[in-house]
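Please walk me through this model in a viewer, one selection after another. Tell me what to select at each stop and what is there.

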Amino acid sequence: MRGATHAKWAACALAAALAATACGGGGNGGGGGASGVVSSSWGDPPNPLEPANTNEVQGGKVLDMLFRGLKRYDPKTGEARDWLAERIDTTDSRNFTVTLKDGWTFSNGEKVTAKSFVDAWNYGAHLKNNQRNAYFFTYIEGYDKVHPEEGEATADTLSGLKVKDDRTFTVRLTQKFSTWPETLGYNAFAPLPRAFFDDHDAWLAKPVGNGPYTVESYTRGSVMSLRKWDQYPGEDKARNDGVDLKVYTDNNIAYTDLTAGNLDLLDDVPASQLRNVRADLGDRYINTPAGIIQTLAFPYYDKRWNADGMEKVRKGLSMAINRQQITDTIFQKTRTPAKDWTSPVLKEEGGFDDGLCGDACEFDAAEAKRLVDEGGGIPGGTLRLTFNADTGSHREWVDAVCNSINNALGNDRACTGNPVGTFADFRNEITGHKMTGPFRAGWQMDYPLIQNFLQPLYYTNASSNDGKWSNEEFDRLVDEANAEAEPVRAAEKFKDAEEVVRDEMAAIPLWYQNGSAGYSDRISNVALNPFSVPVYDEITVG
Amino acid sequence: MGRYVSRRLLQMIPVFFGTTLLIFLMVNVMGDPVAGLCGDRRCDPATAARLRVEFGLDQPVWQQYATYMGNVFTGDFGTAFNGQKVTELMGTAFPVTVRLAVVAVVFEVVIGISLGVLTGLRRGRPADTGVLLVTLVVVSVPTFVTGLLLQLLLGVKWGIVAPAVSSMATVDELLVPGLVLASVSLAYVTRLTRTSVAENARADYVRTAVAKGLPRRRVVSRHLLRNSLIPVVTFIGTDVGALMGGAIVTERIFNIHGVGFQLYQGIVRQSSQTVVGFVTVLVLVFLLANLIVDLLYAVLDPRIRYA
Amino acid sequence: MPEPPYGPDAAVSEAGAGGATDLALDEGQAREEGSGGGPPDPGPAGRPRSLWSDARRDLRRNPVFVVSGLVIVFLVVISLWPSLIASGNPLHCDLGKAQEGSRPGHPFGFDGQGCDVYTRTVYGARTSVTVGVCSTLGVALLGSVLGGLAGFFGGGWDALLSRITDVFFGIPVVLGGLVFLSVVTSTTVWPVIGFIVLLGWPQIARIARGSVITVQQNDYVQAARALGASNSRMLLRHVAPNAVAPVIVVATIALGTYISLEATLSFLGVGLRPPAVSMGIDISAASSYVRNAPHMLLWPAGALAVTVLAFIMLGDAVRDALDPKLR
């Protein structure tokens, strides 16, 4: 039968195709890259990789490897320790003199001088450079000239910065800020080499810094290869040969790749994999507190939310959320129910207080219902909880929070999630004051100070006070705290201010987020710093 | 022939502008992208205003479109928000997606056509019914489910293939994603070939050939296939453009840094320069593929003469 | 567009050019050359019933049609009255039961939020059927009217329509969905339906146009024209009834693919939005849990596949019945 030959031919073709598929597997078995090099998951940074232009973790990872600043936050304790700074002196908490250590250079050989810092800060602050983190320099005198709220800049440099000599410069602030030196570990304050200013495009294509790693190659949107810088003068020399940062379209895929042995390190294990993470990785999974708190903010520009008695509704809603159950189930205990508005990484001496919120953060369905009813009920009848749907798997916890509120209030339509397609749109709705109900507000600390958890978020018209909450007493207490020279006394004052936030329930604290990471059996000594960024230089291979 | 081609090329011009304008408007409707650039913070108004000027967002939409198109014709596709030239992004993304699309087309041709011929020649037999049923199932399961399940089974459970594609995206890594991307079209090609072969098998010229005593093999390969494959070629040709633009889901599941990935990023970050640039190229590919298919038509079917 | 010298190939060529969209089965279009090209007995004007009555007899004997028809009837019934087979509330979820497997009263188990998967699948089927039926009606109506008129009158309108359809074909569907639907904040099905109609109509328009052109070349239409019949009479009495078959076939098959498209868009996060209940949303949510709780993915995915399959098989059967060449 002639047809049979065709059948055979087709079957062979099919078999060949399938065989080819099967043969295609298995390749690239190792962790990828040369021995001694760690491959690590990465997300494509949305902004150019300039220090004062990077405001998210993915770009921050790279800067953390490429740069060292005046201070460095201890990877374990979060304490700000002098790094390039020999000392930072002040007598009045307003005028500071910075003295640099000798012997630091950029990886291209250029010496790190006082000018490297002053030029970098002037660049970061100036309006014409479009730096997203420019506001970090607000406290320095002359900021309003180089970066006015509106219109053109009237000065080229910050008048508060003066180079004294190669190793010394002075800083004058606009107000007293005793803990200001503690903020200097943030990436935005990193020094920059001349190459950054002389050939900017070339620098962006292959950044040069003064950290323990150098960039070997960078294919944007795909992979960045960093290698150990052998001449690095610091004590935190890299203990591996390098790091390959690989961009993944989705963290779940990165996790799959990790379990398949194609990836060495994944920071931020997705919530959906947490159930099997112990079975897959055993003790190669770490989960450590990070300076991140998730809250629900309210639109105080909306009269209904600003009315008298609404603090009862907000408190009731807070009590309607079963934080324990949600963190246990959705996050598999990798987040901790919030008990105040700061973070455990601050430690008690830094101002963290796990008794500050008290009953208002404990689940109590009956009391929740009573308080919401007493306060006049939910404005408009339905709570629309707004979040951005494109990143961070927010939908899962938003749905869970809403279900918890619905169950507590005995109404299946009391709360619904309101996803916004993109993060940009989400921010647009926030800045455009279009929110009609609570919305997702996450805060990742810039530096481990209680000030950073309160002032930018709740001070009148502060940079991240998205709900436009305003309270005179809170503002007064914060001002007093900042003028306090003694850090412990300052922290106490900040806690007084935090109590005002609690009494008004300005925002509902949800949970403290931990940093999590999984890693392959090729590497060891993996740890996350309090900013949930892996401490790359300490990782050893083999 | 020359006149026909030039007429077709002329017709492409309004289509090209129409499509790009439509996408340009759609992306603009998405709103102000600047707010998303400052993270979880309010952009300070001065910086936001400067960024808008830099990206040309302060001008009316029609002017933005005109400027953009003007630049495109000089080869400047603009800059993405991360400061990278869109042409640079294309340089890394398109080769990957082209490779993926080629793998998919090879699957369509090899598996699709052979299954189609096989079943078309044996209409109504169990093999035919079986294949038909399988194609129906393939068509009715959404691609993302097929992709997720194949990834789970082949990549995670059995460990036959790497579950994610590396940044090199070599051809052997792209086999499973290519199969997933091709799956639905593959089913169509099978069914299309089957129908076409079955219809033509009863045509007079085939009967004549058989009656002449030509060997069956020759009848099938020279007479039947040549005529039956006309609609199939048409379909595959036009499918190329669709495969490249439709790879968003597949590329997302298998971590492929191709056109779909860049488009998705562009959309999420509302980078109109990226989105419009990539779509412009995709539209060109699509239009050219259509033209080539129509010309191929004349080669395959001598009855058609283009004036 | 090339203007091939004779009828049937016009349809093939149109189908070919239309093949680029992945909205619907393209194979259906290419085959329409058969049904459009040679009705067995066109019969006297006013009695174009023979094709349809033949088809009806054929369909009743076709097991594929009977089975898929029964499934669709079932789907439509539970879409109208979901509480017939699911007593629960799809929005009521208890986090304490998250990801649990099946148990009495909850045959499909619970999803990541502790909602009952069975109830959500039933209500999700309702959404899917609504999206499928409404989009198909919209696409078929808009497409056949515009395409039919263009084919009938020809000339400038025809050229304009061809260019417009080209514009829409050039936009990849999923991509268009991502851009177009990401601005939408409504939680109803209407934006998704609107989007599908917007990008789907050119396909039907091409089929309708090709079909009308083919039918117009038949002797009985030429005769009617020679006898001085008015445009509207010609269109309504002679052309439309004979040209509608391919549109019906393609639309039925497309219905299934629209349902699948809605799920894909929901997977990418731009389709329907909660609290809307959709199989696409549930599959998308379940996809990251597939290793630990595969039931969360498999039940709604299976239900979705059956729904899509039923419509595609129905379309297949209808086409076989309407296509006399293969009888």
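A crossing of two helices is left-handed if the near helix is turned anticlockwise from the far one by less than a right angle, and right-handed if clockwise. Helices (H or I, at least four residues) and strands (E, at least two) are DSSP runs, numbered from the N terminus. This is a predicted model, in which local features need pLDDT of at least 70 and side-chain atom pairs count only at pLDDT 80 or more, while totals for chains, interfaces and linings use all residues. Residues are numbered from 1 along each chain as its sequence is written, and chains are lettered from A and ligands numbered from 1 in the order in which they are written.

**Stop 1: chain B as a whole**

Select chain B. It has 12 helices and 0 strands, and from the N terminus on its elements run α-α-α-α-α-α-α-α-α-α-α-α. Along the principal axes, the C-alpha atoms of chain B fill a box of roughly 85 × 55 × 30 Å. Of the 307 residues in chain B, 52% are buried (20 or more other C-beta atoms within 10 Å of the residue's own; exposed means 12 or fewer, partly exposed in between, with C-beta atoms placed from the backbone). Two residues are in contact if their C-beta atoms, placed from the backbone, lie within 7 Å. Among contacts in chain B between residues at least 6 apart in sequence, 73% join residues at least 24 apart.

**Stop 2: α1 and α12 of chain B**

Next, select residues 2-29 of chain B, which form helix α1, and residues 272-300 of chain B, which form helix α12. Two packed helices are described by the angle between their axes and the distance between the axes. Axes are lines fitted to C-alpha atoms, for helices over the stretch in contact, and angles run from 0 to 180 degrees between N-to-C directions. Here α1(B) and α12(B) pack at an angle of about 155°, with their axes 10 Å apart. That makes α1(B) roughly antiparallel to α12(B) (angles over 145 degrees; under 35 is roughly parallel, 65 to 115 roughly perpendicular and the rest oblique). The crossing of α1(B) and α12(B) is right-handed.

Show the side chains of the contact. On the α1(B) side they include B:R8, B:M12, B:F16 and B:I23, and on the α12(B) side they include B:V276, B:V279, B:L287 and B:L291. The residues of this contact divide into 12 nonpolar, 5 polar and 1 charged. Ala, Val, Leu, Ile, Met, Phe, Trp, Tyr, Cys and Pro count as nonpolar, Asp, Glu, Lys and Arg as charged, and the others, Gly among them, as polar.

**Stop 3: α11 against α12 of chain B**

α11(B) passes α12(B) in a left-handed crossing. B:V259, B:Q262, B:L263, B:G266 and B:I267 of α11(B) make the contact with B:T274, B:V275 and B:F278 of α12(B). By class, the contact of α11(B) with α12(B) has 5 nonpolar, 3 polar and no charged residues.

**Stop 4: chain C and C:V308**

Select chain C. Its secondary structure comes to 12 helices and 0 strands, and buried residues make up 58% of its 327 residues. Now pick C:V308, in helix α12 (residues 294-322) of chain C. Is C:V308 buried or exposed? C:V308 is buried, with 26 other C-beta atoms within 10 Å. Not counting residues up to four places away in sequence, C:V308 touches B:S140, C:G256, C:I259 and C:S260.

**Stop 5: chain A**

Select helix α7 (residues 251-259) of chain A, where 9 of its 9 residues are buried. What covers the buried residues of α7(A) includes β1 (37-42) of chain A and α6 (143-157) of chain B. Just after α7(A), A:G261 takes a positive phi of about 85°.

Move on to A:E480 in helix α17 (residues 472-483) of chain A. A:E480 is partly exposed, with 15 other C-beta atoms within 10 Å. A:E480 and A:K493 are 13 residues apart in sequence and 7.2 Å apart in space, C-alpha to C-alpha.

**Stop 6: confidence in chain A**

The mean pLDDT of chain A is 87, and 93% of its residues reach 70 or more. Confidence in chain A is lowest in helix α1 (residues 2-24), at a mean of 38, and highest in strand β7 (residues 168-172), at 96. Over residues 1-33 of chain A, pLDDT stays under 50. Where pLDDT is low, the predicted coordinates should not be read in detail.

Definitions and conventions. pLDDT is the predictor's confidence in each residue, from 0 to 100.
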